[in-house]
Amino acid sequence: MVKHTATSVVTIERFIIEQERMFPEATGELSGILYDMALAGKMIANKVRSAGLADILGATSATNVQGEVQQKLDIIANEIIVKAFDHGGRLCAMASEEEPDIIHIPEGFRAGKYVLLFDPLDGSSNIDVNVPVGTIFSVYRKITRGTRGEMEDMLQPGRRQVAAGYVIYGSSTMLVYTTGQGAHGFTLDPSIGEFLLSHPNIRIPDRARYLSVNDAYEQDWPEPTRALMRRYRGMDGVRAPLNVRYVGSLVADFHRNLLGGGIFCYPANTRSPRGKLRLLYEANPLAFIAEQAGGLASDGSGRVMDIQPTELHQRTPLYLGSRAEVETVQEFPLPPEFVERRVGTAGAA
Ligand code: AHM
Ligand code: MG
């Protein structure tokens with residue numbers, strides 16, 4: 001790979017081309033998906049930036065000045081992504097956290113050899129209070145015959161991802177992605193409208209600083225989970241406590257922990273034995289980034305990316321971040337009623 005220093009100006013486009021050159025057999029289709037995601041990210045960033053002005057610029061009712069019904073930002077983000085990808089000829093299907101079923105490529109457009117799964121605007125309940133939100137995405141190669149994308153193409157274990165990443169709409173907009181050659185971060189320079197390489201080859205610090213968990217659920221956690229959290233907080237005398245930081249916006253919590261070192265936890269509890277977060281749209285893509293940065297992701301009993309999905313909107317408990325912290329989870333095994341892993345054996349990659 002071409003070496004870049006922190007001061008060289010490298011656009012995301014140039015970086016993607018350089019990565020593609022390492023694979024002489026590459027057709028450029030995956031690169032095209034990454035460009036399109038960067039474009040969609042810029043368009044969503046633009047909407048998110050003026051989110052607080054919607055009522056002023058629009059109208060007091062649900063209808064805006066153009067007579068269009070005002071849409072929630074997560075629906076707008078969903079449409080931006082679908083429209084950025086449905087005619088490009090690179091995807092054969094998509095699936096979104098916002099839509100119940102597979103999104104097929106419309107008649108008349110060429111279908112490609114990849115599928116895209118995404119959460120268009122994660123943490124969108126935070127928008128009203130100006131907290132960072134994000135887009136998360138995941139790309140797999142089509143495995144079925146025929147031109148249409150099928151459910152089987154969507155329900156692949158995370159270890160088969162060919163690319164994944166997220167865009168965080170924070171104090172600046174950043175895109176972080178991996179194609180399995182490390183995790184790389186780009187910051188949007190709004191004055192020129194380009195994502196520039198700002199965080200090449202991200203490594204999650206070995207020494208964790210942060211614990212991100214919503215402990216309002218403590219009463220519903222099984223005892224081993226409570227004991228695990230006491231460990232992270234240094235309450236059992238085994239280690240120094242981690243600092244607690246919880247935004248409640250997964251991308252923001254993950255991004256901070258990725259750069260600063262830490263663990264994000266959304267454990268199973270008695271009310272939600274499979275946790276809250278979605279395996280395909282949230283857990284797997286961030287797990288891929290974490291592993292590429294030297295971290296790990298577990299569902300409490302094993303590697304997230306080894307779970308064989310059985311449904312599009314499947315949930316999973318999630319422990320994500322610095323390697324040693326995620327490994328600690330194994331020391332606190334859960335009772336059998338919380339262990340519901342389906343690990344596929346076919347076609348292990
Ligand atoms: P969403 O996809 O409906 O936005 O929900 C996902 C969000 C994550 O961003 C965040 O980590 C989590 O929900 C917070 O949940 P809770 O409020 O239960 O702690
Ligand atoms: Mg979400």
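How many residue pairs are in polar contact between domain 1 and domain 2, counting pairs with both residues at pLDDT 80 or more?

1. The count between domain 1 and domain 2 is 12 residue pairs in polar contact, with both residues at pLDDT 80 or more, and this should be read with the reminder that the model is predicted. On the side of domain 1 that touches domain 2, the elements giving two or more residues are the strands β1 (91–96), β3 (114–122), β4 (133–141), β5 (163–169) and β6 (173–178), together with the helix α5 (151–154). The residues on that side divide into 25 nonpolar, 15 polar and six charged.

2. As for the domains themselves, the assignment for the protein chain places domain 1 at 12–199 and domain 2 at 210–338, and their centres, taken over C-alpha atoms, are separated by 24 Å.

3. Turning to the interface, 46 residues of domain 1 are in contact with 30 residues of domain 2, and the two domains bury about 2700 Å² between them, with 66% of that area on carbon and sulfur atoms.

4. The count of salt bridges between domain 1 and domain 2 is one; Arg 159 forms a salt bridge with Asp 306, in which the closest N and O atoms are 3.0 Å apart.

5. Because Glu 97 lies in the loop between β1 and β2 (103–104), whereas Glu 282 lies in helix α8 (residues 279–292), the pair ties together parts that are 185 residues apart in sequence.

Technical notes: Residues numbered from 1 in each chain as written. Chains lettered and ligands numbered in written order. Predicted model: local features only at pLDDT ≥ 70, side-chain atom pairs only at ≥ 80, totals over all residues. Heavy atoms only, no water. Domains from an automatic or database assignment. Contact = heavy atoms within 4.5 Å. Buried area = accessible area lost by both parts, 1.4 Å probe. Salt bridge = Lys/Arg side-chain N within 4 Å of Asp/Glu carboxyl O. Polar contact = N/O pair within 3.5 Å; in protein donor to acceptor, adjacent residues only side chain to side chain. Helix = DSSP H or I, 4+ residues; strand = E, 2+ residues; numbered from the N terminus. Nonpolar A, V, L, I, M, F, W, Y, C, P; charged D, E, K, R; others polar.
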